[in-house]
Amino acid sequence: MHVYNVENNIRFDFVRRKINSLYDMLTKTEQKIAGLLLENPEEFIYLSVNEIAEKSGTSISAVTRFAKKLGYDGVPSLKLSLSQEVNQFSFLDDIDLQDKTPTIMKKVFNANIEALNDTLKVLKPEEIDKAVDFIQAASRVAFFGIGGSASVATDAHHKMIRTGKTVEVYTDPHKQMIFSALAKEDDVIIAISHEGASVDLNKALTVAKNNGAKIIAITQFSISPITKIADISLFTLSRETLYRPESLTSRVAAHTITDLLYVSYSLRIHEQMNRNIAKIRDAMKSLKEL
């Protein structure tokens, strides 16, 4: 992945990370626009679309495509996001070998908080609603995750079984392929993959998609292979620090997205959920009896 670093520009860390995550997928023309934005974001805010095109040596249509590729409705939305970040510096500092425990605590917590805040900015409510529609209509919901994402899939399964929905979890590529081979149109797979480039996972998802199953991907903000397979992509956004790879921080955001799906679906079936919770509590009491 290309990393475009611009010193003295940490106030636009959120937008820069969005661009970095997509940089290799941008056309040469769009990369010129990205360069103009990152070199002088304060000026970019006040340029007209014509001026952006002229200064970057591109076209008005290219500028519009660039904004939309970053996830904005258009250039005005992109410029509004930039303007809202003026003088809002990232509070995340990298971990230093000389840091004492109180400082490390603060930095690790801040990294997770920042990942959640940034993920909230890129999540689209309409995509969450659509994902919950899929879950509600599904006969079965299966969570897929491999490696580090397996823990997210397992935790999501642990939450979702409380709804009474038929829910399964697969963290082994062979079992994922078996499920996918037998998948039906009323099945939904929620696949968690940080990079979205796992060959085994994506092969299984493609098989399931060909069988008519719906695919929901939880992945980092980028145009990765999994986003081309998924019906819905719910994005995380995080940054890498020393001893804290981007994938570790994004896992916190991925967990939170599965929490969001669980809560949103539970609200759809709140009467049933109230009954389920009461039954689960009563059953759990027996485990505490001596």
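Does V188 count as buried or exposed, and at what relative accessibility? V188 counts as buried, at 2% relative accessibility, where buried means under 20% relative accessible area, exposed means over 50%, and partly exposed lies in between (1.4 Å probe, protein chains only). Keep that residue in mind as you look through the views below.

A note before you start: this is a predicted model, in which local features need pLDDT of at least 70 and side-chain atom pairs count only at pLDDT 80 or more, while totals for chains, interfaces and linings use all residues. Residues are numbered from 1 along each chain as its sequence is written, and side-chain values use heavy atoms, with hydrogens and water left out.

**View 1. The protein chain as a whole has 14 helices and five strands.** Helices (H or I, at least four residues) and strands (E, at least two) are DSSP runs, numbered from the N terminus. Of the 290 residues, 48% count as buried. Take the contacts (heavy atoms within 4.5 Å) between residues at least 6 apart in sequence: 68% of them join residues at least 24 apart.

**View 2. Five strands form an open sheet with parallel pairing.** Read across the sheet, the order is β2-β1-β3-β4-β5; two strands pair if DSSP finds at least two bridges between them. At the edges you will find β2 (166-170) and β5, each pairing on one side only. Neighbouring strands are turned by 15 degrees against each other on average, direction ignored. Angles otherwise run from 0 to 180 degrees between N-to-C directions, and axes are lines fitted to C-alpha atoms, for helices over the stretch in contact.

**View 3. Strand β4 (residues 214-220) is largely enclosed by the rest of the structure, because six of its seven residues are buried.** On one side, five bridges join β4 to the parallel strand β3 (residues 187-192), and I190 stands opposite I216. To get from β3 to β4, the chain passes through helix α11 (residues 199-210), making a right-handed β-α-β crossover. Right-handed means that, with the strands pointing away from the viewer, the path from the first strand over the helix to the second runs clockwise. Strand β4 also pairs with β5 (residues 232-236) in the parallel sense, over five bridges. There, I216 stands opposite I232, and the bridge partner of A217 is S233.

**View 4. Back to V188, which lies in strand β3.** Not counting residues up to four places away in sequence, V188 touches F134, A138, R140, V141, A142, K214 and I216. One of these, A142, is 46 residues away along the chain, yet the C-alpha atoms of V188 and A142 are separated by 6.3 Å.

**View 5. Helix α8 (residues 125-137) lies across β1 (140-145), β3, β4 and β5.** The helix runs at about 125 degrees to β5. Helix α10 (residues 173-181) also packs on the sheet, touching β1, β2 and β3, and its direction makes about 150 degrees with that of β1.

**View 6. Helix α2 (residues 28-39) packs against helix α4 (residues 49-56).** Their axes are 9 Å apart, at an angle of about 105 degrees. The two helices are therefore roughly perpendicular to each other, a label for angles of 65 to 115 degrees (under 35 is roughly parallel, over 145 roughly antiparallel, and the rest oblique). K32, I33 and L36 of α2 meet I52, K55 and S56 of α4.
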